[in-house]
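The following report describes a protein model for a reader who is new to structural analysis. Please keep the sequence and the structure in view while reading.

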Amino acid sequence: MDQILGVGIGIATVCLLLSIIASHVQEVTAAFTSRRAATLELALQKMLEDPTLYGMFASHPLIQNISFHPPKFLMLKFFSVNKPRPSYIASPLFSRVLLATLAVRNNIPATDFPTMLAAMPASPLKERLQTLMVGAGNNAAACNAAVEQWYDGTMDRVNGYYKRRTQWVLMFIGLLLAILCNANLFNVTSTLWLSKDSRDSVAALAQIYGCKNGETCSAPNYEQARRDMEEKLNPLPMGYKQGSVKAYWSRLARGKDEADREVSYWDEVGSGLYTLGGWLLTAIAVSLGAPFWFDMLNNFVNLRITGAKPATGVEMRAAAAKAQVDVHVAGPQGNT
């Protein structure tokens with residue numbers, strides 16, 4: 001049991017460190033490309049289905065007050081549109097700005113949605129709003145609540161879409177990290193299973209990241225994860241040990257093993273598939289995210305500290321009764 005827990009702790013620690021680094025890279029990339037703001041903009045355009053109306057909505061002073069230009073590095077835009085856009089809008093603000101924008105767009109001095117809908121010309125947005133407000137009548141508060149609920153529901157689906165895209169980005173970054181660090185989960189698991197010293201070394205590192213039940217703890221930051229990857233995972237088969245990356249890849253391309261003797265074509269193919277499969281498995285693990293591996297590591301560490309749950313009195317009496325029955329059935333030793 002201790003061996004299995006040691007392997008689980010080691011795998012969770014490696015995946016946690018890689019996930020922290022990948023998440024940091026993903027967040028920096030998302031900031032420079034304004035991916036959150038672009039996703040929100042696309043969702044609002046689909047909701048309003050009127051480019052002119054969306055332009056007026058986005059240029060409203062209350063929206064401009066929470067809109068910012070994307071960050072730049074050395075004056076590079078990183079494929080991001082260089083214009084201020086919000087990355088988050090609260091539902092009450094959305095309903096107020098939408099009502100004000102519709103009033104200006106249609107030149108209707110309306111102060112609530114029921115009055116606005118009665119005077120608006122036919123449009124896809126009007127049909128959507130009418131459907132949302134069925135049963136609300138002329139109750140302005142109920143109509144506002146319906147619009148806010150529509151917006152919140154749309155944002156929930158947008159968040160799900162953004163998380164799925166982020167997971168693919170994390171998988172791509174995880175694959176790059178696996179190649180750069182030569183992090184093959186097959187090799188890591190094999191080493192942890194066979195070497196008690198490796199399990200103990202990684203378990204000591206895991207104590208830094210784990211927390212006991214009832215304690216307030218948080219996931220470590222990028223700098224700590226990067227330092228621990230460089231300094232404290234030496235027992236594991238990660239990185240390029242042949243002196244340089246160029247020498248490693250040259251040896252791999254020639255199809256020779258550590259003794260520098262020729263290997264068969266199928267050995268080369270099998271070795272390549274094994275390495276590629278291990279890297280892909282690492283990328284999939286990284287795509288699960290740092291919070292997942294942080295919780296998994298805490299569960300493993302707490303289980304190792306507390307041990308297995310002792311048997312209750314009822315279970316112990318049942319086991320004793322079963323043992324007596326077994327002895328009675330088998331009879332004294334030596335009898336047939």
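A residue is called buried if its relative accessible area is under 20%, exposed if that area is over 50%, and partly exposed in between, using a 1.4 Å probe and protein chains only. The model is predicted, so local features need pLDDT of at least 70 and side-chain atom pairs count only at pLDDT 80 or more, while totals for chains, interfaces and linings use all residues. Residues are numbered from 1 along each chain as its sequence is written, and side-chain values use heavy atoms, with hydrogens and water left out.

**Overall composition**

The protein has 15 helices and zero strands. These elements are DSSP runs numbered from the N terminus, where a helix is H or I over at least four residues and a strand is E over at least two. Of the 336 residues in the protein, 36% are buried. A contact is defined by heavy atoms within 4.5 Å. Among contacts between residues at least 6 apart in sequence, 73% join residues at least 24 apart.

**Nonpolar cores**

In soluble globular proteins, nonpolar side chains tend to be buried together. A nonpolar core is a set of buried Ala, Val, Leu, Ile, Met, Phe, Trp, Tyr and Cys residues joined through side-chain atoms within 4.5 Å. The largest such core here has 35 residues, and those with the most contacts inside it include Leu44, Phe57, Ile89 and Met133. Two or more residues of this core come from each of α2 (35-48), α3 (51-58), α5 (91-106), α6 (113-119), α7 (124-132) and α8 (140-181). Another core, of 34 residues, lies apart from it, and Leu16, Leu170, Ala290 and Leu297 are among its members. Beyond its neighbours within four places in sequence, Met133 touches Phe113, Leu117, Cys143, Ala146 and Val147.

**The pair α1 and α8**

Two packed helices are described by the angle between their axes and the distance between the axes. Axes are lines fitted to C-alpha atoms, for helices over the stretch in contact, and angles run from 0 to 180 degrees between N-to-C directions. The axes of α1 (residues 2-33) and α8 come within 9 Å and cross at roughly 120°. This makes α1 oblique to α8, because angles under 35 degrees count as roughly parallel, over 145 as roughly antiparallel, 65 to 115 as roughly perpendicular and the rest as oblique. On the α1 side, the residues that meet α8 include Leu18, Ile21 and Gln26, and their partners in α8 include Tyr162, Thr166 and Leu170. By class, this contact has 10 nonpolar, three polar and no charged residues. Here Ala, Val, Leu, Ile, Met, Phe, Trp, Tyr, Cys and Pro count as nonpolar, Asp, Glu, Lys and Arg as charged, and the others, Gly among them, as polar.

**Individual residues**

| Residue | Relative accessible area | Class |
|---|---|---|
| Ala31 | 37% | partly exposed |
| Ser198 | 5% | buried |
| Glu49 | 43% | partly exposed |
| Asn182 | 9% | buried |

Ala31 belongs to helix α1. Ala31 and Pro70 are 39 residues apart in sequence and 6.9 Å apart in space, C-alpha to C-alpha. Ser198 sits in helix α10 (residues 196-209). With neighbours within four places in sequence left aside, Ser198 contacts Thr191, Leu192, Pro235 and Leu236.

Most residues other than glycine have a negative phi. Glu49, which is not a glycine, has a positive phi of about 55°, and Glu49 is found in the loop between α2 and α3. Asn182 also has a positive phi, near 50°, and lies in the loop between α8 and α9 (185-194).
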